[in-house]
Amino acid sequence: MADKLIRATAADSGIRAVGVITTRLTEEARQKHKLSYVATAALGRAMSSGLLLASNMKKEGSRVNLRIKGSGPLGGLLIDAGLDGTVRGYVENPEVELPPNPQGKLDVGKAIGQEGYLYVVKDVGYGYPYSSTVELVSGEVGDDVANYLVTSEQTPSALLVGVFVGAEGVTASGGILLQVLPKAARDESLISLLESRVSKLSGFTPLLRKGKTLNEIMAELLGDLGLSILPESQIVRFDCRCSFNRVLGALKMLGEAELQDMIEKDEGAEATCQFCGEIYQASKDELAQLIADLKTESV
Ligand code: ZN
């Protein structure tokens, strides 16, 4: 099934639901970054969470960044997701592998660590990003993002994200976000109903692996609550916005002395994009041109 995102409402628009499948883009990230199994699960969960969070932003160009910095061996991760359905991200120590947890699942909580912070930066498209920070609750990503939504955005939310990865790569990845909207936010019974339904699901990826579609999973959760799924689904994909020009811009900021040094010692410069692993090479001539640009600009 292609990677996609669907939006729905239920309970007289008192509930907003979004579901996303990220199997292919998580596999793409795994290959680009040579991720271990547990690192794949951590990054895939974070990318699904980011796409789900970005999906309710309004203005074109809106993006959300999730940075998790924990006490575990994975070090941390960063993802950048957009309302346009693009996402990219990386983990600090992609090679870290851990034995499964007592439930037989990939031990994302231990890899990230239970102590640390989740930083959320939202750029709502007006050029003034706002950020907020919450402490990690489990390092399992889904719990941590749900906790952010409840404590920082004061939106009662249930979030379920999962990744299934094995010797054949990523075979299922995605998630679902259910939110009680302000008009229904005082309805405690609705909130607890959503929580109990999500906790009864045996996880997101087992359903995908059984061949269930996003629409079927939504129907299972909210079918009896007046579920209405928006007809058009959105394509989601791994996409990095890096380019050679951006790399040149970054090199230019190093200044004339540093650039001159690179020309003399290294006969050029090499830069790797952290988000996608793309390697960019700038020749001596290109660096010399940057110095010339700097000189004209300073006149
Ligand atoms: Zn890149």
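Predicted model: local features only at pLDDT ≥ 70, side-chain atom pairs only at ≥ 80, totals over all residues.

Visitor: Sheet first, then. In what order do the six strands of the open sheet come?

Guide: The order is S7-S6-S3-S4-S5-S12, and the pairing is mixed.

Visitor: And which are the edge strands?

Guide: S7 and S12, the latter covering 237–238; each of them pairs on one side only.

Visitor: What does S12 pair with, and in which sense, parallel or antiparallel?

Guide: S12 pairs with S5 (residues 86–91) over two bridges, in the parallel sense.

Visitor: OK, over to S6. How many bridges does S6 share with S3?

Guide: Eight, and that pair is antiparallel. S3 covers residues 63–70, and its Lys 69 has Tyr 117 of S6 as bridge partner. S6 is also joined to S7 (residues 130–135) by six bridges, again antiparallel. There, Leu 118 stands opposite Val 134 in S7.

Visitor: What do the side chains do along S6?

Guide: They alternate along residues 116–123. Gly 116, Leu 118, Val 120 and Lys 122 point to one face and are buried.

Visitor: What sits between S6 and S7?

Guide: Six residues, and the two strands form a hairpin. In the turn, Gly 125 has a positive phi of about 100°.

Visitor: Jumping to the other hairpin: how many residues lie between S13 and S14?

Guide: Six there, with Gly 277 taking a positive phi near 80°. S13 (residues 268–272) and S14 pair in the antiparallel sense over five bridges, and Gly 268 has Ser 283 in S14 as its bridge partner.

Visitor: Which residues of S14 are on the covered face?

Guide: Tyr 280 and Ala 282. The uncovered face of S14 (residues 279–283) has Ile 279, Gln 281 and Ser 283.

Visitor: Back to phi. Which residue other than glycine has a positive value near 55°?

Guide: Asp 12. You'll find Asp 12 in the loop between S1 (4–10) and S2 (15–21). Val 141 has a positive phi too, about 75°, although it is not a glycine. Val 141 is in the loop between S7 and helix H4 (142–151).

Visitor: Buried or exposed, what's the story for Asp 12?

Guide: Asp 12 is exposed, since its relative accessible area of 69% is over the 50% cut-off.

Visitor: And Val 141, buried or exposed?

Guide: Val 141 is buried: its relative accessible area is 1%, against a cut-off of under 20%.

Visitor: What happens just after H1?

Guide: Lys 34 takes a positive phi of about 50° there. Within H1 itself (residues 23–33), the buried residues include Leu 25, Ala 29 and His 33.

Visitor: Last topic, helices. At what angle do H8 and H10 cross?

Guide: Roughly 60°, with the axes of H8 (residues 244–252) and H10 (residues 284–298) coming within 10 Å. That makes H8 oblique to H10, and the crossing is right-handed. From H8 the contact uses Phe 244, Leu 248, Leu 251 and Lys 252, while H10 brings residues including Leu 287, Leu 290 and Leu 294.

Visitor: How do the residues of that H8 and H10 contact divide?

Guide: Six are nonpolar, none are polar and four are charged.

Visitor: How do H9 and H10 cross?

Guide: Their axes come within 9 Å and cross at roughly 160°. H9 (residues 256–266) and H10 are therefore roughly antiparallel to each other, and their crossing is left-handed. Among the residues in contact are Leu 259, Met 262 and Ile 263 of H9, with Leu 287, Leu 290, Ile 291 and Leu 294 of H10.

Visitor: And how does that one divide between nonpolar, polar and charged?

Guide: For H9 with H10 it's eight nonpolar, one polar and three charged.

Technical notes
Residues numbered from 1 in each chain as written. Heavy atoms only, no water. Axes fitted to C-alpha atoms, helices over the stretch in contact; angles between N-to-C directions. Helix = DSSP H or I, 4+ residues; strand = E, 2+ residues; numbered from the N terminus. Parallel < 35°, antiparallel > 145°, perpendicular 65-115°, else oblique. Left-handed = near helix turned anticlockwise from the far one by under 90°. Contact = heavy atoms within 4.5 Å. Nonpolar A, V, L, I, M, F, W, Y, C, P; charged D, E, K, R; others polar. Buried < 20%, exposed > 50% of the residue type's maximum accessible area, 1.4 Å probe, protein only. Pairing = 2+ DSSP bridges.
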